[in-house]
Amino acid sequence: MSETNAAAAAAYYDTGEVADFYRLVWGGADIHIGRYETGQESIAQASAAMTTHLLDLAALKPGDRVLDIACGYGGTLRMLAERGCRPEGIDISRVCVEEARRANAAAGLGDRITVSLGDFHALDGDAATWDAVICQEAIIHSTDRPQVFAEAFRVLKPDGTFAFSDILTAQGADLDLVDAAFARLGVRGGATPRDYIDMATAAGFDVTMVQERPADIATHYDKLAERLSRPVPGLDPQAAARIADSIARWQKALAGANITWACFVAHKPG
């Protein structure tokens, strides 16, 4: 495995102003793009709807052991538990792990969900132990993405499912605009949906479903910008201004169709 930027990703999500932004503006349960059917949904409602959509596509069953390899604040874990699955989550961020544990307990699910610090480049545990692996918009942070796919493949049982989504570079994009947007995350652009299909296939997966929904990410960032145009109680005004400047760079890249969003379902052959 090559050197990764896991420490940088952890430092980003552990930063106080970043945590405040995700908690107060993004919705507090999820850290991923929402699914917008009408455009009237709140960010939190749309984020939950996108999780519902991905889990429906994954066709998980009650009793399935499911590992979320970048669980954030645990919204997906709680939805999995409510569906009767047996979820566990890891995250590279101490702040995310602590918040996920707190929210799980507050929902009365603390005894049904385990959350631990962990790195998706080097998953703990034996091979072929999970029925499904979930990863929502986190592979973007990796500088060794093939390793993430390889680890997901290793820990899945035969016939297991890897359901994942990410923010990606559109085909033919202006990489300068993409990199300017991605700078807030400490990552660079370049990976397209086709690249993810190729990485999953190289790891051994059969990719059975791909959906691109670029309109969702554009709507999501427009909603973030609108919310940051007004004071956010609890979010430092200077931090809000810095984040708003970053959001504007995302909007510019999105307006030119340089950034896209996609979700995928892949299966480990039996």
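The structure is a predicted model, in which local features need pLDDT of at least 70 and side-chain atom pairs count only at pLDDT 80 or more, while totals for chains, interfaces and linings use all residues. Residues are numbered from 1 along each chain as its sequence is written, and side-chain values use heavy atoms, with hydrogens and water left out.

**Overall form**

The C-alpha trace spans about 50 × 45 × 40 Å along its principal axes. Ten helices and seven strands form the secondary structure, where helices (H or I, at least four residues) and strands (E, at least two) are DSSP runs numbered from the N terminus. Of the contacts (heavy atoms within 4.5 Å) between residues at least 6 apart in sequence, 75% join residues at least 24 apart.

**Cavities and pocket**

On a 1 Å grid over the protein atoms alone, a cavity is a set of points where a 1.4 Å probe fits but cannot get out; a pocket is an open set with protein on both sides within 12 Å along at least five of seven lines, and lining residues have an atom within 4 Å of a point. Grid points are joined across faces, edges and corners, and a volume is the space filled by probe spheres set on the points. The count comes to two cavities of 30 Å³ or more.

| Space | Volume | Lining |
|---|---|---|
| Largest cavity | about 340 Å³ | 29 residues |
| Second largest cavity | about 100 Å³ | 13 residues |
| Largest pocket | about 210 Å³ | 16 residues |

Ala70, Cys71, Gly72, Asp91 and Ala138 lie nearest the centre of the largest cavity. Helix H1 (6-14) and helix H4 (75-82) each supply at least two residues of its lining, and H1 gives the largest share, three residues.

In the second largest cavity, the residues nearest the centre are Tyr13, Tyr22, Ile31, Glu137 and Ile167. Helix H2 (16-26) and strand S5 (156-169) are the elements giving two or more residues to this lining.

For the largest pocket, Leu67, Glu88, Ile90, Leu123 and Asp124 lie nearest the centre.
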